Amino acid sequence: MARNKYPVHTTLSSDAIKVLERYEKELGAKNLVLEKALLSLDTSRFKSKLDTQNLDRAIKRIGTGVAGLDDMLEGGIPEGFSVIVTGPPGTGKTTLSMQFLVEGVKKGEKCVLFSFEERLQQLVQHFMRFGWDLGKYIDDGYLEVFGMSMLTFEEITEILETYKPKRVVFDSLSVFSNPEEFRKSPAWRSSHRLMKQRKMTSFLITEKNHGIETKSFDDYDFLGDGIIFLDSMKVNEVDATLSPVLAVQKMRATKVDTTPQPFRFGEHGIVKYRSLHLESRLQERLGVSSMEPGFD
């Protein structure tokens, strides 16, 4: 079957794209006539143009629930950002992300967790040790948890449209496909577009096979507005004990300290308990500087 020499490239709105994607899913083929028709009818696609006169120049920030981390982020995550939470296994990625959701529940915000590898019961039992009663949050209507989720991103988009959460966590994106294929996926891009339009702040958990000292990034890292890396490492050359650390490696529209900072697991979640002054040799090995503006 010959390819159309002149494919239609559009900037359709999310509603128009849904019509097109549903047609393609049912009939298994791209329909350029339908796409052209939608393009001519879809005046809402021009709404994305920026109204600079009425632009709110003050950045609204969303608290993470970790006081020390918020201090590193000028008060919190910029509203509507998608933040990659990454690192090796067992470093606290799910705990940090759940703490982010619990903070939203405390503020009366609707929150959603899509967990692709843990059952709801397991999550509830695990987080009771921090005093987080997920069952109550769910019953009160402030939290929705999809444990061992087999949902497609088309279904996830429908859930987000219906529930309209302010905070969303995906745990973890690494179970879907390799990062390059995922980033280009139309289904993911549709969900991501919706979260941006509705200013949903999200934590996207991914997995790393290496520690923070290795400078290696994947496509997941590039799709995020920010990157928080959790790891365990020696903080000096004398003490061989590994300490849990987190580092904000990137956060757009924010001046961040990229130096890894120690934290501990307290009674109510993660607590950043002191500033880390790395030895110059270790700091050089990590390639960090004290303050780097994240405006990329």
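**Notebook: looking up a predicted model**

I began with Glu-103, which touches Gly-63, Thr-64, Gly-65 and Arg-167 when residues up to four places away in sequence are not counted. I noted that this is a predicted model. Glu-103 lies in helix H4. Is Glu-103 buried or exposed? I found a relative accessible area of 19% for Glu-103. Because buried means under 20% relative accessible area, Glu-103 counts as buried.

**Entry on the whole protein**

I next looked up the overall composition. The protein has 11 helices and 13 strands. It holds 296 residues, and 46% of them count as buried. Among contacts with a separation of 6 or more, I noted that 71% are between residues 24 or more positions apart. The accessible surface is about 16,000 Å², and carbon and sulfur atoms account for 52% of that area.

**Entry on the sheet**

I then traced an open sheet of nine strands with mixed pairing. Its order is E5-E4-E6-E7-E3-E8-E9-E11-E12. Which strands stand at the edges? I found strand E5 (143-146) and strand E12 (269-272) there. Each has a single partner strand, so one side of each is left without a neighbour in the sheet. Neighbouring strands of this sheet are turned by 25 degrees against each other on average, direction ignored.

I also followed one pairing within the sheet. Strand E3 (residues 82-86) runs parallel to strand E8 (residues 226-234), and four bridges join the two. Opposite Val-85 I found Ile-228 in E8.

Helix H4 packs on this sheet. I listed the strands that H4 touches: E3, strand E4 (111-115), E5, strand E6 (167-171), strand E7 (201-205), E8, strand E11 (261-266) and E12. The direction of H4 makes about 160 degrees with that of E6.

**Entry on strand E4**

How many residues of E4 are buried? I found that five of the five are, so E4 is largely enclosed by the rest of the structure. Cys-111, Leu-113 and Ser-115 point one way from the strand, whereas Val-112 and Phe-114 point the other way.

E4 and E5 run parallel and are joined by four bridges; Phe-114 has Phe-146 in E5 as its bridge partner. With E6, strand E4 pairs in the parallel sense over five bridges, and there Ser-115 has Asp-171 as its bridge partner.

**Entry on the nonpolar cores**

I looked up the largest nonpolar core and found 37 residues in it. Leu-69 and Leu-96 have the most contacts inside this core. Which helix gives the most to this core? I found helix H4 (residues 93-106), with six residues. Leaving aside neighbours within four places in sequence, Leu-69 is in contact with Thr-64, Leu-96, Ile-228, Leu-246, Val-248 and Lys-272. I recorded a second, separate core of 22 residues, which includes Phe-114, Phe-170, Met-200 and Leu-204.

**Entry on Ser-243**

Not counting residues up to four places away in sequence, Ser-243 touches Asp-231, Ser-232, Met-233 and Val-235.

Note on methods:
Residues numbered from 1 in each chain as written. Predicted model: local features only at pLDDT ≥ 70, side-chain atom pairs only at ≥ 80, totals over all residues. Heavy atoms only, no water. Buried < 20%, exposed > 50% of the residue type's maximum accessible area, 1.4 Å probe, protein only. Contact = heavy atoms within 4.5 Å. Areas by Shrake-Rupley, 256 points an atom, 1.4 Å probe, with all protein chains shown as cover. Core = buried A, V, L, I, M, F, W, Y, C linked by side-chain atoms within 4.5 Å. Pairing = 2+ DSSP bridges. Axes fitted to C-alpha atoms, helices over the stretch in contact; angles between N-to-C directions.
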